[in-house]
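I opened this notebook to record what I looked up in the structure, and in what order. My entries follow below.

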Amino acid sequence: MPGLWPAPTQARYAHAMRILIVEDSDAIRRMIEALVKARGHDVIAVPTGTKALDLAFEAPPDVVLLDLNLPGSYDGFEV
């Protein structure tokens, strides 16, 4: 779906992937997001399994980094 993933920049690496990060801890999610972006990848980071599933069906990522111990309706195992 256009517009969901960040628009690629001219400096985008040839190996860049769309990576979905699912982590409930704000600090850890921001740290992982910054590290992955620094490697030239397009990133969407969300705090819940429900949001992850919605995004994955709407615009499938190439890779998902998924916390297994998520709070709420879906933990990482259920996602």
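This is a predicted model: local features need pLDDT of at least 70, side-chain atom pairs count only at pLDDT 80 or more; totals for chains, interfaces and linings use all residues.

I then placed Asp75 in the chain and found it in the segment after E3. Setting aside the neighbours within four places in sequence, I noted that Asp75 is in contact with Leu68 and Leu70. I also looked at the side chain of Asp75, where a polar atom lies 3.0 Å from the backbone nitrogen of Phe77.

Which distances separate Asp75 and Gly49, in sequence and in space? I found them 26 residues apart in sequence, with their C-alpha atoms 6.2 Å apart.

Next I turned to helix H1, which runs over residues 26–38 and has 13 residues. From its first C-alpha to its last, H1 reaches 18 Å, close to the 18 Å expected at 1.5 Å a residue.

I asked which residues of H1 are buried, and I listed Arg29, Glu33 and Val36. They lie on the same side of H1, because they cover an arc of only 70° around the axis.

On the face of H1 turned away from the buried side, I found the exposed residues Arg30, Leu35 and Ala38.

My last entry concerns what comes after the helix: H1 is followed by Gly40, and I noted that the phi of Gly40 is positive, near 95°.

Notes: Residues are numbered from 1 along each chain as its sequence is written. Side-chain values use heavy atoms; hydrogens and water are left out. Helices (H or I, at least four residues) and strands (E, at least two) are DSSP runs, numbered from the N terminus. The expected span of a helix is 1.5 Å times one less than its number of residues. Buried means under 20% relative accessible area, exposed over 50%, partly exposed in between (1.4 Å probe, protein chains only). The arc is that of the directions from the helix axis to the C-beta atoms. Contact means heavy atoms within 4.5 Å. A polar contact is a pair of N or O atoms within 3.5 Å; within protein, one must be able to donate a hydrogen and the other to accept it, and residues adjacent in sequence count only if both atoms are side-chain atoms.
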